[in-house]
Amino acid sequence: MDKIASFTINHKKLEPGIYRSRIDGDITTYDLRTKKPYAEEVMDNATCHTVEHMFATLIRNGDLKEQVIYFGPMGCQTGFYLLVRNADHRLVLSEIKRVLQAIIDYEGEVFGNSEIECGNCHNLDLDKAKKLCSVYLKQIYDKSERDLYYAD
């Protein structure tokens with residue numbers, strides 16, 4: 001059986017960052033790696049869940065709203081996937097940074113924080129999400145399109 005491409009990356013060498021992991025026709029998958037695998041604590045569920053609610057809502061209400069296909073957590077709890085259609089990579093980077101800053105600056109209830117809107121709204125923590133986004137934004141702040149590739 002063929003290995004999927006993401007399993008060919010040495011995760012022990014992987015640093016936090018933004019990586020263009022796949023291009024399938026007009027759809028690009030970005031790995032938003034917020035944690036260094038095997039070197040630091042993975043995201044707890046409340047942090048991961050809250051970032052998912054906030055980021056998905058904000059990215060779909062920005063300049064990429066028509067191109068966003070999906071935003072959600074990696075099963076390994078070290079980051080998120082962002083899938084977009086026909087989007088300029090510079091705009092994607094800019095929007096990721098804008099959304100992270102918007103989460104950091106946000107005051108109010110987490111988007112989708114009700115039993116009507118979410119299957120587990122009792123497991124959200126905006127303060128933890130803000131902390132993760134603050135650390136991650138500092139890590140990627142100076143990244144540009146040339147930094148979107150996995151190193152060997």
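This note walks through a cavity, a helix, a pocket and a few single residues of the predicted model above.

1. Ground rules. The model is predicted, so local features need pLDDT of at least 70 and side-chain atom pairs count only at pLDDT 80 or more, while totals for chains, interfaces and linings use all residues. Residues are numbered from 1 along each chain as its sequence is written, and side-chain values use heavy atoms, with hydrogens and water left out.

2. The cavity. A search of the whole structure turns up 1 cavity of 30 Å³ or more, and the largest cavity has a volume of about 40 Å³. On a 1 Å grid over the protein atoms alone, a cavity is a set of points where a 1.4 Å probe fits but cannot get out; a pocket is an open set with protein on both sides within 12 Å along at least five of seven lines; lining residues have an atom within 4 Å of a point. Grid points are joined across faces, edges and corners, and a volume is the space filled by probe spheres set on the points.

3. Its lining. The residues around the largest cavity are L32, T34, V51, F55, F71, F80, L100, L132, C133 and Y136. Two or more of the lining residues come from each of α1 (45-59) and α3 (126-140), and α3 gives the largest share, 3 residues. Helices (H or I, at least four residues) and strands (E, at least two) are DSSP runs, numbered from the N terminus. By type, the lining has 9 nonpolar residues, 1 polar and no charged. Here Ala, Val, Leu, Ile, Met, Phe, Trp, Tyr, Cys and Pro count as nonpolar, Asp, Glu, Lys and Arg as charged, and the others, Gly among them, as polar.

4. Helix α3. With 15 residues, α3 reaches 21 Å from its first C-alpha to its last, close to the 21 Å expected at 1.5 Å a residue (the expected span is 1.5 Å times one less than the number of residues). Its buried residues are L126, A129, K130, L132, C133, Y136, L137 and I140. They lie on the same side of α3 because they cover an arc of only 165° around the axis, taken from the directions from the helix axis to the C-beta atoms. The face turned away from that side carries the exposed residues D127, K131 and K138. Buried means under 20% relative accessible area, exposed over 50%, partly exposed in between (1.4 Å probe, protein chains only). The cover over the buried residues of α3 includes β1 (17-24), β2 (27-33), α1, β4 (79-85) and α2 (89-105).

5. F71. This residue sits in strand β3 (residues 68-73) and is buried, at 3% relative accessible area. Beyond its neighbours within four places in sequence, F71 is in contact (heavy atoms within 4.5 Å) with L32, V51, E52, F55, A56, R60, F80, Y81 and L82.

6. The pocket. The largest pocket holds about 350 Å³ of space. Of its 20 lining residues, S6, F7, H11, R33 and Y81 lie nearest its centre. The lining divides into 11 nonpolar, 6 polar and 3 charged residues, and β2 gives the most to it, with 3 residues.

7. Two backbone angles to look at. Most residues other than glycine have a negative phi. Y38, in the loop between β2 and α1, has a phi near 65° and is exposed at 73% relative accessible area. N86, in the loop between β4 and α2, has a positive phi of about 50° and is exposed at 57%.
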